[in-house]
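Welcome! Please have a look at the sequence and the model before reading on.

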Amino acid sequence: MISNIRFDNDSYLLGITADSVKDLIYRRGKVEITQPHRVDFYVLILITEGNGYHYIDNKLFHCRPGTLLVLSPLQVHYFDSNFHWDGYIITFQDSEIFPVDNLSANHAVTKAIRSVDIMDGLLDLVGREFNMLYEECHSHQDMVSGSLQRNLLQSILYKIFFRNSYTKQDVYRSKEFRCFQIFSDQIEKSFNQRHNVSDYTEDLRVSVKRLNSVCKKVKGMSAKQVIDARLLLEAKRLIGYTSAPISEIAFSLGFNEPTNLAKFFKRHTDISPTEFRNMSQFFSDNK
């Protein structure tokens, strides 16, 4: 079973937190953070010293000073048990990125965050802001501090993501992007129940042809490829990070028969679910 960590609204009323890795170890313990888990918020981890490895959705990333790990809601990640590095950890929720009247900026940055897992060489660019946000979060929790925290978070996000995505603003403001966002939200809610494009078009009130056109423009993929990509990602998470029987995973993902999951998985990865589990680094590390 993959554990889920929710945002601590009771301790952080402003929707933004900033801690050090050492703080996290002290609060949660090294055993917990070295086990696969997912969060329901965004996380930015900036490494300031040392080195080691971090796993995000079955991918292993080398961490060194200046490395930024970027986590989106529902991604599965964990610290390598032998990591020897420190840094800052910023967590925040969607509503804390930009004011609601700046939806285009929200779309641009959210899209950019979800498209990357790791970036390097950022210590000089945003190290000062990370430290300032850390200091502010550990001072007074009031309206003034809340505004300062939000401004510092926005500065970090602008520097890292917004410049690269600014040229795509016409896409983010388009009707196609809004349609794609609704489609993506529906997939997130029911990808384990609805596997076909036609399962979504009625709710969206668009044709299959139109939805394919939207997905091609925004994502560069067909609508079916978008659905399959989300389904495959969850299959990899459950197969690679849990010991649940493959048959149980198949049914939980909406497949009528375990063999249908096996066919789907092999079609997209060229290996079987069992072979993928045997190759999983998490299971290798815990044998």
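The report below covers aromatic rings, a helix pair and a few backbone details.

Please keep in mind that this is a predicted model.

**Rings that meet**

Let us begin with the aromatic side chains, which form 9 aromatic pairs. One of them joins Y78 and Y241 in an edge-to-face arrangement, with 5.8 Å from centre to centre and 90° between the planes. Because Y78 belongs to strand β7 (residues 76-79) and Y241 to helix α10 (residues 223-241), this pair ties together parts that are 163 residues apart in sequence. Both Y78 and Y241 are buried. Ring pairs also bring in Y55, so that Y55, Y78 and Y241 are linked into a cluster.

**Charges over rings**

| Arginine | Ring | Distance from ring centre |
|---|---|---|
| R194 | Y200 | 4.3 Å |
| R230 | F191 | 4.2 Å |

You will find F191 in the loop between α7 and α8 (198-204). With a relative accessibility of 8%, F191 counts as buried, since the limit for buried is under 20%. Leaving aside residues up to four places away in sequence, F191 touches Y200, R230, L231, E234 and L253. For L231, which is 40 residues from F191 along the chain, the C-alpha atoms of the two are separated by 6.2 Å.

How do α7 and α9 pack? Helix α7 (residues 175-190) and helix α9 (residues 208-218) meet at an angle of about 105°, and their axes are 9 Å apart. That angle makes α7 roughly perpendicular to α9. On the α7 side, E176, F177, C179, F180 and F183 take part, and they meet R210, L211, V214, C215, K217 and V218 in α9. Sorted by class, this contact has 8 nonpolar residues, 3 charged residues and no polar ones.

**Positive phi angles**

Most residues other than glycine have a negative phi. D57 is not a glycine, yet its phi is positive, at about 45°. D57 is found in the loop between β4 (42-56) and β5 (59-63), and at 10% relative accessibility D57 counts as buried. L74 also has a positive phi, near 80°. The place of L74 is the loop between β6 (68-71) and β7, and at 31% relative accessibility L74 counts as partly exposed.

Note on methods
Residues are numbered from 1 along each chain as its sequence is written. This is a predicted model: local features need pLDDT of at least 70, side-chain atom pairs count only at pLDDT 80 or more; totals for chains, interfaces and linings use all residues. Side-chain values use heavy atoms; hydrogens and water are left out. Rings of Phe, Tyr and Trp (its six-membered ring) pair if their centres lie within 6.5 Å; planes under 30 degrees apart count as stacked, over 60 as edge-to-face and the rest as tilted. Helices (H or I, at least four residues) and strands (E, at least two) are DSSP runs, numbered from the N terminus. Buried means under 20% relative accessible area, exposed over 50%, partly exposed in between (1.4 Å probe, protein chains only). A charge sits over a ring if NZ of Lys or CZ of Arg is within 6 Å of the ring centre and within 35 degrees of the ring normal. Axes are lines fitted to C-alpha atoms, for helices over the stretch in contact, and angles run from 0 to 180 degrees between N-to-C directions. Angles under 35 degrees count as roughly parallel, over 145 as roughly antiparallel, 65 to 115 as roughly perpendicular and the rest as oblique. Contact means heavy atoms within 4.5 Å. Ala, Val, Leu, Ile, Met, Phe, Trp, Tyr, Cys and Pro count as nonpolar, Asp, Glu, Lys and Arg as charged, and the others, Gly among them, as polar.
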